[in-house]
Amino acid sequence: MTQPTDTATETISGGHLVAKALKAEGIDVIFTLCGGHIIDIYDGCVDEGIDVVDVRHEQVAAHAADGYARITGKPGCAVVTAGPGTTDAVTGVANAFRAESPMLLIGGQGALSQHKMGSLQDLPHVDMMTPITKFAATVPSTERVADIVSMAFRECYHGAPGPSFLEIPRDVLDARVPLASARIPRTGRYRASTRQAGDPEAVERLADLLVHAEKPCVLLGSQVWTCRATDDAIDFVRALNVPAYMNGSGRGTLPPGDPHHFQLSRRYAFTNADLIIIVGTPFDFRMGYGRRLSPTATVVQIDLDYRTVGKNRDIDLGIVGDAGLVLSAAAQAASGRADNGAARRKEWLEELRAVERQAYDKRLPRQLSGARPIDPYRLVHEINEFLTEDSVYIGDGGDIVTFSGQVVQPKSPGHWMDPGPLGTLGVGVAFAMAAKHARPDKEVLCLFGDGAFSLTGWDFETMVRFGLPFIGVIGNNSSMNQIRYGQAAKYGQERARIGNTLGDVRYDEFARMLGGHGEEVRDPADIRPALERARESGKPALINVWVDPEVYAPGTMNQTMYK
Ligand SMILES: Cc1ncc(C[n+]2csc(CCOP(=O)(O)OP(=O)(O)O)c2C)c(N)n1
Ligand SMILES: [Mg+2]
């Protein structure tokens with residue numbers, strides 16, 4: 001029989017306050033690796049009905065929190081212990097920082113009562129995390145635990161989203177305080193909507209530019225997905241008849257085959273367009289820092305973050321705001337004009353389609369290659385053919401993933417995951433974990449390089465332990481090929497194998513050892529049947545595909561990532 005509770009005397013611990021604050025944010029899982037400094041949070045999660053997914057490396061916990069945010073639209077949360085637990089998670093936080101992904105990392109810390117005395121695992125976590133987060137702080141008292149957790153979530157959504165970090169000293173976390181003295185922010189009551197429609201005058205100017213443009217194009221970047229602006233983006237390109245390119249998480253905004261979906265003619269479009277609209281992606285290395293756009297084109301940049309607009313190259317018009325609201329306002333403003341210019345752009349779309357088709361036809365023989373060892377183009381072609389509307393595709397690797405960037409087209413919005421501009425190897429299993437946990441109804445397929453997989457591959461065991469089936473494909477070239485190419489080019493063949501050669505590892509056997517499904521493929525004709533069997537197995541699976549180590553992706557050969 002439960003005791004009647006006296007609210008005046010009821011107490012609560014810091015870990016339980018963390019769980020209440022997570023619950024208020026709508027979070028239903030934490031990714032974690034245990035430590036004595038943080039176990040009270042687990043106890044709180046049990047009470048609040050929050051799942052505890054315990055992984056094998058803290059980097060994976062942090063990447064999974066990043067992945068969870070991308071998939072669900074809610075912030076992710078990883079909980080790690082003090083010292084090495086927190087330093088292990090740094091890469092995951094850094095990746096989320098560059099990828100504009102909202103997540104909270106909670107790290108343990110030695111007791112405040114032993115502050116700077118040399119306690120177990122004591123490190124200056126906040127100093128270390130400050131440059132790679134939007135907010136990093138120590139929780140100073142138990143009463144403030146939930147308050148500061150909610151503050152950290154608020155800070156995640158300031159401008160473009162990103163990660164926050166909190167360290168909670170052990171005595172602060174474990175202490176019990178009167179429930180009445182703790183501030184526990186309530187769901188929906190501690191932060192406002194960040195959806196901003198942009199300066200109305202600037203939106204009118206964009207409408208003007210659009211109705212007069214002969215050859216416009218739009219690049220739909222990751223923020224189109226972050227803002228859940230898919231429908232607005234589709235309405236925009238259709239109403240104004242504007243060809244669309246997509247990058248990062250913006251891939252899949254339009255399905256392949258859509259008359260406004262373009263991929264292979266981007267360079268041509270950027271060179272020949274008279275109006276280029278960049279939505280929610282910075283002018284970073286992926287965009288050649290903005291240098292690859294026609295010097296005579298009118299350039300418009302729309303971004304959530306004021307600091308991104310106009311960075312690295314001049315623009316003709318900048319709009320700070322939510323991708324969906326700005327695009328729909330611009331389409332609305334243009335619809336009021338006598339002629340929105342849509343019909344005039346028919347030839348421009350045909351011109352781009354011809355370029356697109358030519359590029360596709362040129363590559364097709366490679367995609368259908370029967371060569372042994374397998375041409376990586378064939379592997380990524382088979383994967384692209386295999387994906388359904390419900391397949392989330394994840395790329396985690398070097399050269400092999402560069403191939404896939406050209407060929408694999410997600411069939412639905414939000415179904416493409418790559419690390420983002422930090423280029424972090426090792427995100428794959430973590431993203432698969434987050435995606436499958438959040439959306440068990442989805443199929444998850446991850447293409448790994450053998451180098452990338454081996455960084456965090458032990459968490460395949462976590463996938464088995466939690467019953468999270470996914471299809472892992474390893475493009476195995478027994479090398480860190482993307483790096484090897486540059487070494488060979490710079491230092492000659494005889495020095496090309498220094499520091500980049502891996503063993504001929506049977507990752508399929510590794511999968512089986514851990515209780516998953518595993519297969520090895522040497523013949524291109526066997527790729528598809530192996531994929532089907534992995535799908536049927538209902539288990540976490542690894543298909544070890546031996547690809548030709550002497551074949552490199554054009555992007556690797558041009559070293560575009562360094563330019
Ligand atoms: C964590 C991390 N370490 C190192 C690198 C540098 N790097 C970029 S590509 C690459 C090779 C990756 O090898 P693999 O995953 O096997 O793919 P491959 O290029 O062989 O297809 C390396 C080491 C990185 N991006 N991230
Ligand atoms: Mg490799």
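This note goes through the predicted model point by point, from its conventions to its sheets, surface and backbone exceptions.

1. Conventions. The model is predicted, so local features need pLDDT of at least 70 and side-chain atom pairs count only at pLDDT 80 or more, while totals for chains, interfaces and linings use all residues. Residues are numbered from 1 along each chain as its sequence is written, chains are lettered from A and ligands numbered from 1 in the order in which they are written, and side-chain values use heavy atoms, with hydrogens and water left out.

2. An unreviewed UniProt entry lists residues 13-122 as "domain: Thiamine pyrophosphate enzyme N-terminal TPP-binding". UniProt positions follow the numbering used here, feature names are shortened, and annotations may be inferred rather than shown by experiment. Over residues 13-122 the chain is 47% helix and 20% strand, with the end C-alpha atoms 22 Å apart. Helices (H or I, at least four residues) and strands (E, at least two) are DSSP runs numbered from the N terminus.

3. In helix H1 (residues 14-24), nine of the eleven residues are buried, so H1 is largely enclosed by the rest of the structure. Buried means under 20% relative accessible area, exposed means over 50%, and partly exposed lies in between (1.4 Å probe, protein chains only). The buried residues of H1 include His16, Leu17, Val18 and Leu22. Glycine 26 follows H1 and has a positive phi, near 90°. Strand S2 (residues 29-33) has four of its five residues buried, so S2 too is largely enclosed by the rest of the structure. S2 pairs with strand S3 (residues 51-54) in the parallel sense over four bridges; two strands pair if DSSP finds at least two bridges between them. Phenylalanine 31 has valine 53 as its bridge partner in S3.

4. For residues 203-329, the unreviewed UniProt entry gives "domain: Thiamine pyrophosphate enzyme central". This stretch is 31% helix and 18% strand, and its end C-alpha atoms are 7 Å apart.

5. Five-stranded sheet. The strand order of this open sheet is S10-S9-S11-S12-S13, with parallel pairing. Strand S10 (244-246) and strand S13 (317-320) stand at the edges with a single partner strand each, so one side of each is left without a neighbour in the sheet. Neighbouring strands of this sheet are turned by 15° against each other on average, direction ignored. Axes here are lines fitted to C-alpha atoms, for helices over the stretch in contact, and angles run from 0 to 180 degrees between N-to-C directions.

6. Strand S11 (residues 275-279) runs parallel to strand S12 (residues 298-303) and is joined to it by five bridges. Isoleucine 278 has glutamine 301 of S12 as its bridge partner. S12 also pairs in the parallel sense with S13, over four bridges, and glutamine 301 stands opposite glycine 318 in S13.

7. Six-stranded sheet. A further open sheet has the order S15-S14-S16-S17-S19-S18, with parallel pairing. Its edge strands are S15 and strand S18 (517-521), each of which pairs on one side only. Strand S17 (residues 471-476) and strand S19 (residues 541-546) pair in the parallel sense over six bridges. Glycine 475 stands opposite valine 545 in S19.

8. Nonpolar surface patch. Leu425, Leu455, Met480, Ile483 and Tyr562 make a nonpolar surface patch of about 470 Å². Patches are made of residues with over 30% relative accessible area and no salt bridge; like charges are joined within 9 Å, and nonpolar side chains (Val, Leu, Ile, Met, Phe, Trp, Tyr) within 5 Å. A salt bridge is a side-chain nitrogen of Lys or Arg within 4 Å of a carboxyl oxygen of Asp or Glu. Accessible areas come from the Shrake-Rupley method with a 1.4 Å probe; for residues, only the protein chains shown count as cover. Leucine 425 lies in the loop between strand S15 (416-417) and helix H16 (428-438), and is partly exposed, with a relative accessible area of 30%.

9. Backbone exceptions. Most residues other than glycine have a negative phi, and most peptide bonds are trans. Lysine 116 has a positive phi, near 65°; this residue is in the loop between strand S5 (103-109) and helix H5 (125-129) and is exposed, with a relative accessible area of 67%. Serine 478 has a positive phi near 50°, is in the loop between S17 and helix H19 (481-491), and counts as buried at 10% relative accessibility. The peptide bond from arginine 372 to proline 373 is cis, with omega near -5°. Proline 373 is in the loop between helix H13 (346-367) and helix H14 (376-386).
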